[in-house]
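Subject: A structure for you to look at

Hello,

I am passing this structure on to you, and I hope you enjoy exploring it. Please open it first, then read my notes below.

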Amino acid sequence: MTAAKDHLGRPVVAVTGMGVVTSLGIGKEDNWAALTGGRSGIHRITRFPTEHLKTTIAGTVDFLASSGKGNSALTSELAETAAREAIAQAGIDGEFGGPLFLASPPVELEWEDRFTLYGANIEDVEGYQRLLGSARVRNDLAMFESAQFGFIADRLSERLGTRGLPITLSTACASGATAIQLGVEAIRRGECDRALAIGADGSATAEALIRFSLLSALSTNNDVPEKASKPFSRDRDGFVLAEGGAALVLESLESAQARGAKVLGILKGCGERADDFHRTRSKPDGSPAIAAVKAALADAGLEIEAIDYVNAHGTSTPENDKMEHLSLSTVFGERIRKIPVSSNKSMIGHTLSAAGAVEAVFSFLTMQNGVLPPTINYDHPDPAIDLDVVPNAKRDAQVSAVLSNSFGFGGQNACLAMTREPA
Amino acid sequence: MSANDVVITGIGLVSSLGEGTSEHWNRISDASPAPVIDGERFAPYTVHPLPEIDWGKQIAKRGDQRQMETWQRLGTYAAGLALDDAGIKNDEALCATMDMVVAAGGGERDTAVDISILDQSRSNGDHGVLLNERLTTDLRPTLFLAQLSNLLAGNISIVHKVTGSSRTFMGEEGAGVAAIQTAAARIRSGQSTHVLVGAAFQTEHPDMLLGYELAAYLHRGSWAPVWSRSETQGGGIVPGSGGAFLVLESRDHAEKRGRKAYARLGRVAAAGAKPDQAAISHLLGELDLPDHPHLVFSGASGAHRATEMEKIAIDQRGLAARGFSTLTGHMKEVQFPFAVALAALAVHRGAACPPFEADHEKPLDGPVETAVATAIGYHRYGGVATVAGA
């Protein structure tokens, strides 16, 4: 038996199940094969027309039953698909029996439904009165639920048998990491022996794409979709909008060992810090991101020497990659040039609310398999970002500890430190 | 008493009744408190509108105000009131180590753009291309940031410099329950020393009304108090705009900086799914209340099913309900923080307020040492808490 308490006397939190869906496919096996094969899931958008759009590519998940049926439906299916894979791997039968933390995108009534309501044959009123009157007459529970923020988690909770009031959260592009952090904290408080943390995002609608596009956040390299996401490259020009879902069964090491579950890795530490500088830009000195990385390491009880791989946020926007490099080089000093740092987003794009959870799953797979997934499309290195980005091809490496970064609009910074072994 | 007891040291309230703790307590303590309603602007629906607010008092920079729509401004303003009330505002060190949990829905859409597109859609069959063309040219680029759920917290960080951590919970009333429950659990376990927690809701926007009316939840026609809304007049909800933020702190942290607390937050119990009468009764039972009548600040929404079940559960336990939605309207994510705030004020003053609706609420004499807060969701989730003397 290994020690069940960490350096601060808290329960050690193990991961005993993982599931993932991205544009690369369903499940860990397919995703890992594609990811280590350097294959991109980015493609031309077929879900909606692309006339008038500056960006016509994305990493949408087009192969689920709910694909194209709106944000709420697809997010829900992504979450459930990943959760079922994770729970099955954890060997938990029947009710899950712990709390649910779901990172998911904000929801709104879909345009399709707005058109339906507005086009309905109702009394001759115009404007929003027409929408309201039509909605009242129709009284469509499914339409109502698709715009309720608590709906997805409630349904997941019912289907999976999680316990208590499920928490749905958003910390923008750091949401997936925050869901994991909430689960870790609940176990450390002794509230539960296990928790289910999910990040899921099926929000790639035309309006979502246009909103990011209007903020100049998206790549417009439409000609060769699979080459558009190029984190840390000189010619990077924005992120690629994408969808995905990932789930982790978090469990106190003591509970996992007691029931003989296989321990896939340890969620060693979490750190966060809010930025007060600007709604979309980071403080120029990078201090909040730096503080978040340091907080994760301190929480994990790890020195910088212990980290041997960084799963970067690496969005491929000019701003993020520059600031992430600044933060990492400030925390790790000279040593950062010896630590491989790669971005899964070069292949799967930016899965937004799911990203932190998806990339946590890939971080554990990196340690399990002893293989670093590459940063693809690294043809023109940015000379200002002096990092070993594991360019273009996977690399074998023994990895015992990973740092995974997540940064988001609204000054959200969350970092996770994960290890292969409990000690 | 324990060093990690959760005490309430700051309260920031805004509703149709006004702003601040004194104004709210004075208004609800009136012998026959009158709601502020507007039945014309969104007829046939009635709303409880925001009072006049001088935004500059809590959001100094005009540039910051311009970056937000009303929902975010309202939340940032109410958060500022709470920080002020707790003596934390502008204390750089305390704000930089303060954690934050915000309960939020989404922000306001551009109704002019939406309706113009919808009008055009009736004569233009290719809706997808129409959307692309119109949204690409008509949407204000920064509006997205005024709509994102986590950007209320983001704006609080920018305006008030609260940067220890920032988490946004979503999910209607349940998000408010989970926010307070999580903040309290963090303090009790030593994971946080002081937390800003709360929510805002701006209902004076047709898209926010649409959110309710998709399932016909809104009350129509003449106004009625929360326990007396007839099914012939719609779904029972009269919404209101408002905000409620609390500063929760460990007893130790508050004492070390010499702050008196309003009250101590006791147990918080929450339920998932759709709590029925038995589940609500069970929640109230989890509070282990001393055995005499207690005041309950109920966030009952007016939605027929949930409101009726909550009232029966409260009555069966012999508790004295005060359905504050009668006076403020239903403020969605705000309901639970608001309920906890009113309970804290009652405990702090040691006295109950008179019934808001004499036919359905009983008077309560004698000193108030403990009060209960509830928010049972109009459609799902719910939670209750006790508040006691500090």
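**A buried threonine**

Thr9(B) is buried, with a relative accessible area of 1% (buried means under 20%, exposed over 50%, partly exposed in between, using a 1.4 Å probe and protein chains only). Before you read on: this is a predicted model, where local features need pLDDT of at least 70, side-chain atom pairs count only at pLDDT 80 or more, and totals for chains, interfaces and linings use all residues. Residues are numbered from 1 along each chain as its sequence is written, chains are lettered from A and ligands numbered from 1 in the order in which they are written, and side-chain values use heavy atoms, with hydrogens and water left out.

Thr9(B) belongs to strand S1 (residues 6-15) of chain B; helices (H or I, at least four residues) and strands (E, at least two) are DSSP runs numbered from the N terminus. Leaving aside residues up to four places away in sequence, Thr9(B) touches several residues, including Asp85(B), Val247(B), Arg257(B) and Tyr262(B) (contact means heavy atoms within 4.5 Å). The side chains of Thr9(B) and Glu249(B) are joined by a polar contact of 2.6 Å. Such a contact is a pair of N or O atoms within 3.5 Å; within protein, one must be able to donate a hydrogen and the other to accept it, and residues adjacent in sequence count only if both atoms are side-chain atoms.

**Aromatic pairs**

Over all chains, the whole structure has 11 aromatic pairs. Rings of Phe, Tyr and Trp (its six-membered ring) pair if their centres lie within 6.5 Å; planes under 30 degrees apart count as stacked, over 60 as edge-to-face and the rest as tilted.

How are the rings of Phe201(B) and Tyr212(B) placed? Their centres are 6.3 Å apart and their planes at 85 degrees, so this pair is edge-to-face. Phe201(B) lies in strand S5 (residues 194-201) of chain B and Tyr212(B) in helix H10 (residues 206-213) of chain B, so the pair ties together parts 11 residues apart in sequence. Both Phe201(B) and Tyr212(B) are buried.

Tyr212(B) also forms a tilted pair with Tyr378(B), 5.3 Å centre to centre and with 50 degrees between the planes. Tyr378(B) sits in the loop between strand S10 (370-376) and strand S11 (382-388) of chain B, so this pair ties together parts 166 residues apart in sequence. Both Tyr212(B) and Tyr378(B) are buried. Ring pairs link Phe144(A), Phe201(B), Tyr212(B), Tyr217(B) and Tyr378(B) into a cluster.

Best wishes
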